[in-house]
Amino acid sequence: FILLLLPMLVLNIRGYHFWSEAFARYAQQAVNISEGKAFDATGYKYIPDFGSLIPAVPVGFSMLLEPVIRHAGLNMFSLSLYLSCFFIAWMILSFFFFRRYFGVNTCLVILFTAFFPNFLLWSKLQITADIPFSILFLGAGLLLSGNNINRKNFVRAGLATGLATIFSYLGFILFPAMWVYFGFNILRAKNKPRNEQSLTYSLIDLGIFTVIALSIYGVFNWVLFRPQHSYIAEALFMWDIKSLPSTIWSNILALGAGYLDLFSSTDLDIKIFSIIFSASVLILTLHGLFLKIWKRPDLFDIVLGFYLLFILSFSEVSDYHLMLPVHVIFVSYLFFSLRFIAEKLKIGNLLIAQMCFFGLMLFVYADHTNYIWRRGKDILPGPYEPISQETFSYLRKNIPDKDIIVFNKPQTLTLFTGKTTVMNNAMAGAEENYKKLQGLGTRYYLYNWNVTDNNYGNLIQHKAKDFKVAYKNWQYTLYEDTTLTATLKLANP
């Protein structure tokens with residue numbers, strides 16, 4: 001089993017990262033922890049009116065990154081290999097999840113069906129908390145599922161849930177899910193004759209679980225680390241009650257499209273088959289969900305329900321990555337449906353699973369895997385490009401620390417240069433945007449055609465007569481606001 005997983009350890013390991021403010025925030029906090037600074041101290045200026053991301057994220061993943069960054073710096077090969085180890089741990093834990101419902105051989109097939117899609121392999125390149133959080137999220141559920149649950153399970157699940165909350169605010173979803181599921185079971189058991197009561201847990205155990213989990217969250221957020229900004233407040237900021245129905249519908253479509261993409265091919269020669277196949281997978285998954293709920297929902301079904309309720313209410317869900325913590329639950333529904341069909345057609349479960357697996361391999365995954373191998377050495381646009389490193393080097397050497405630089409990826413720029421940065425307001429007009437930035441004392445505007453939005457481009461065009469080019473290469477242009485420079489010279493003759 002372990003030998004089968006080893007190729008997944010090194011598959012899609014690369015020495016770069018694409019543009020990602022999430023990665024920059026986690027990495028910056030890890031750097032701060034290693035240097036003994038306040039974990040959320042940064043040169044990035046957070047302006048709530050601009051709708052920009054707050055400079056702090058949950059500290060758990062940054063603590064996990066700290067040993068690697070302390071010894072290897074921002075070396076992406078080391079970070080990617082490190083995260084790949086957690087990817088393998090996630091697969092192993094998922095095997096035990098699938099084992100609760102299927103035989104060993106079928107579980108192996110399901111495992112590679114679940115983790116071999118292109119999107120999952122690309123997730124190894126994203127240095128974010130998704131994978132470690134998924135481990136804790138799934139682990140907490142496994143500890144409290146099954147028939148032999150005792151107080152030790154609740155204690156361990158409390159530890160896992162508490163750690164999950166310091167990796168992502170989504171960890172708090174486990175609280176209502178656990179209370180609803182176990183609270184209902186406790187009430188139902190009390191209505192039975194005493195000789196039929198078989199539960200080994202009680203409300204006291206649920207209380208112990210809750211106290212342990214909340215204590216861990218409190219220790220890390222109110223004692224050991226005290227963030228200047230609340231990442232939970234940032235999540236709540238994304239809610240919009242007025243547009244909730246349309247938000248939920250658009251997010252359902254986005255997540256459905258994301259799930260379809262998992263089982264789709266980029267090969268145009270089999271595009272029609274790919275569409276039919278991915279649509280069939282989605283239908284089978286929904287059928288499996290119906291079968292599972294109709295039979296009797298278990299803890300994971302309740303967890304999924306609360307998870308979807310929260311995620312679908314977000315103001316925007318851009319892709320499938322928010323579903324990674326519950327990804328294995330969706331895949332299990334797919335195979336519940338396949339097993340049901342196999343039983344109706346009197347075909348062995350393993351045969352159906354193998355047919356599904358080889359179909360995916362031959363018609364979908366083969367093209368994705370080939371792409372990964374063909375483009376494995378390509379460097380995507382991002383901070384690790386040679387041209388980006390050249391630009392960052394210039395900024396480190398030539399821009400005074402007191403000056404502020406505007407950039408569309410401000411936290412990434414701060415991470416790699418140590419300079420003070422700010423993000424433009426993507427919702428404001430050019431003149432309004434400029435006046436706000438000028439009021440902050442902003443002197444430099446960094447433009448990169450790969451990441452600059454139209455609003456920022458309009459600002460630069462609007463003030464072209466007042467800006468002069470301070471540095472330029474084929475991808476970046478650094479503009480200096482001459483009006484501010486003149487003002488500074490008058491103030492400091």
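Contact means heavy atoms within 4.5 Å. The model is predicted: local features need pLDDT of at least 70, side-chain atom pairs count only at pLDDT 80 or more, and totals for chains, interfaces and linings use all residues. Residues are numbered from 1 along each chain as its sequence is written, and side-chain values use heavy atoms, with hydrogens and water left out.

**View 1. The whole protein.** The protein has 21 helices and five strands. Helices (H or I, at least four residues) and strands (E, at least two) are DSSP runs, numbered from the N terminus. Of its 493 residues, 52% are buried. Buried means under 20% relative accessible area, exposed over 50%, and partly exposed in between (1.4 Å probe, protein chains only). The accessible surface comes to about 22900 Å². Carbon and sulfur atoms hold 64% of that surface. Accessible areas come from the Shrake-Rupley method with a 1.4 Å probe; for residues, only the protein chains shown count as cover. Among contacts between residues at least 6 apart in sequence, 75% join residues at least 24 apart.

**View 2. Phe98 and the nonpolar cores.** Phe98 touches Cys107, Ile110, Leu111, Ala114, Val328, Val331 and Ser332, not counting residues up to four places away in sequence. The largest nonpolar core has 119 residues. Such a core is a set of buried Ala, Val, Leu, Ile, Met, Phe, Trp, Tyr and Cys residues joined through side-chain atoms within 4.5 Å. Met8, Met91, Phe97, Phe98, Phe115, Leu144 and Phe182 touch the most other members. Helix 4 (residues 76–99) gives this core its largest share, 11 residues. Another core, of 12 residues, lies apart from it; among its members are Ile47, Tyr434, Tyr445 and Tyr479.

**View 3. Helix 2 against helix 3.** The axes of helix 2 (residues 21–34) and helix 3 (residues 59–72) come within 7 Å and cross at roughly 65 degrees. Axes are lines fitted to C-alpha atoms, for helices over the stretch in contact, and angles run from 0 to 180 degrees between N-to-C directions. The crossing is right-handed. That term applies if the near helix is turned clockwise from the far one by less than a right angle; anticlockwise makes a crossing left-handed. On helix 2, the residues in contact are Arg25, Tyr26, Ala27, Gln29, Ala30, Val31, Ile33 and Ser34. On helix 3, they are Val59, Phe61, Ser62, Met63, Leu65, Glu66, Ile69 and Arg70. The contact comprises 10 nonpolar, three polar and three charged residues. Ala, Val, Leu, Ile, Met, Phe, Trp, Tyr, Cys and Pro count as nonpolar, Asp, Glu, Lys and Arg as charged, and the others, Gly among them, as polar.

**View 4. Ser278 in helix 13.** Ser278 belongs to helix 13 (residues 271–295). Ser278 counts as buried because its relative accessibility is 5%. Leaving aside neighbours within four places in sequence, Ser278 contacts Leu260, Phe263 and Ser264.

**View 5. Gly183 in helix 9.** Gly183 sits in helix 9. Its relative accessible area is 12%, so Gly183 is buried. Beyond neighbours within four places in sequence, Gly183 is in contact with Met178 and Leu206. Leu203 is 20 residues from Gly183 in sequence and 7.2 Å away, C-alpha to C-alpha.

**View 6. Phe172 in a loop.** Phe172 lies between helix 8 (151–165) and helix 9 (174–190). At 23% relative accessible area, Phe172 is partly exposed. Its C-alpha atom is 9.7 Å from that of Tyr307, 135 residues apart along the chain.
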